[in-house]
Amino acid sequence: MIALIQRVSEAAVRVDGEVVGEINKGLLVLLGVEKDDDEAKAKRLMERVTTYRVFEDDAGKMNLNVQQVEGEVLVVSQFTLPADTKKGTRAGFSRGAHPADAERLYDYFADQCELVLPTQRGRFAADMKVSLINDGPVTFWLQV
């Protein structure tokens, strides 16, 4: 399971012109689900995302996590993250989870986030338009 996290000052996701999720200060989480992922991996990744120190403290060092800055999380499904891009000019998607499994684990991950901080989400498998202001920019790839 993969989370591409971006520290944002704001982010939103729209489906058919309608805002389905938006946050202010926090993390935009693009979530990719791979074959063989399960609830244990989803929970571990949620723990890493919500405790990963990406926000600056008073000394200007990245020592604070999203919970400590009272931030929010916007979780967006991203089936292209597990793509195989090692050769050729077209991605292969055989490493991604079956859509039903991916949706279940996406929902589980977002539900787990909601237990610890305000969480919004995109709409699984929809054609989403994601807008954000990346603060820094700060972007990290987390994988379990």
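This is a conversation about how features of a predicted model get their labels.

Colleague: Where does Glu-34 lie?

Modeller: Glu-34 lies in the loop between β3 (26-32) and α1 (39-51).

Colleague: Which side chain makes a polar contact with the side chain of Glu-34?

Modeller: That of Gln-143, at 3.4 Å. The limit for a polar contact is within 3.5 Å, so the pair counts. Beyond its neighbours within four places in sequence, Glu-34 is in contact with residues including Met-1, Ile-2 and Pro-82.

Colleague: Why is Gln-143 called partly exposed?

Modeller: Its relative accessible area is 38%. Buried means under 20% and exposed means over 50%, so a value in between is partly exposed. Gln-143 is found in strand β8. Leaving aside neighbours within four places, Gln-143 is in contact with Met-1, Ile-2, Glu-34, Leu-45 and Arg-48.

Colleague: How many aromatic pairs does a search of the whole structure find?

Modeller: The search finds 3. One of them is Phe-79 with Phe-93.

Colleague: Why is the pair of Phe-79 and Phe-93 called tilted?

Modeller: The ring centres are 5.3 Å apart, and a pair needs them within 6.5 Å. The planes stand at 45°. Stacked is under 30 degrees and edge-to-face is over 60, so the rest count as tilted. Both residues are in the loop between β6 (72-77) and α2 (99-114), 14 residues apart.

Colleague: What makes Tyr-106 and Phe-124 an aromatic pair?

Modeller: Their rings are 5.8 Å centre to centre, and the limit is within 6.5 Å. The angle between the planes is 45°, so this pair is tilted. Tyr-106 lies in helix α2 and Phe-124 in the loop between β7 (119-121) and β8 (128-143), so the pair ties together parts 18 residues apart in sequence.

Colleague: How do you know that Tyr-106 is buried?

Modeller: Its relative accessibility is 2%, and buried means under 20%. Phe-124 has 23%, so Phe-124 is partly exposed.

Colleague: Which residues touch the most other members of the largest nonpolar core?

Modeller: Val-29, Leu-31, Leu-45, Val-49, Val-75 and Phe-109, out of 27 residues. The elements that give two or more residues to this core are β1 (2-15), β3, α1, β6, α2 and β8. The largest share, 6 residues, comes from α2. Not counting residues up to four places away, Val-75 touches Val-29, Leu-31, Tyr-106 and Phe-109, among others. A second, separate core has 13 residues, including Val-8, Val-13, Leu-28 and Leu-81.

Colleague: What makes Asp-101 and Arg-104 a salt bridge?

Modeller: Their side chains meet at 3.7 Å, N to O. The limit is within 4 Å, so the pair counts. Being 3 residues apart in helix α2, they are separated by about one helical turn. Asp-101 is partly exposed at 36%, and Arg-104 is partly exposed at 39%. The count comes to 9 salt bridges.

Colleague: How do you know that Glu-114 and Arg-121 meet in a salt bridge?

Modeller: The distance is 3.2 Å, N to O, and the cut-off is within 4 Å. Glu-114 has 41% relative accessibility and counts as partly exposed. Arg-121 has 19%, and buried means under 20%, so Arg-121 counts as buried.

Colleague: Which residues do salt bridges that share partners join into one network?

Modeller: Asp-107, Asp-111, Glu-114 and Arg-121.

Colleague: What makes Lys-129 and Asp-127 a salt bridge?

Modeller: Their closest N and O atoms are 3.5 Å apart. The cut-off is within 4 Å, so the pair qualifies. Lys-129 is exposed, and so is Asp-127.

Notes: Residues are numbered from 1 along each chain as its sequence is written. This is a predicted model: local features need pLDDT of at least 70, side-chain atom pairs count only at pLDDT 80 or more; totals for chains, interfaces and linings use all residues. Side-chain values use heavy atoms; hydrogens and water are left out. Helices (H or I, at least four residues) and strands (E, at least two) are DSSP runs, numbered from the N terminus. A polar contact is a pair of N or O atoms within 3.5 Å; within protein, one must be able to donate a hydrogen and the other to accept it, and residues adjacent in sequence count only if both atoms are side-chain atoms. Contact means heavy atoms within 4.5 Å. Rings of Phe, Tyr and Trp (its six-membered ring) pair if their centres lie within 6.5 Å; planes under 30 degrees apart count as stacked, over 60 as edge-to-face and the rest as tilted. Buried means under 20% relative accessible area, exposed over 50%, partly exposed in between (1.4 Å probe, protein chains only). A nonpolar core is a set of buried Ala, Val, Leu, Ile, Met, Phe, Trp, Tyr and Cys residues joined through side-chain atoms within 4.5 Å.
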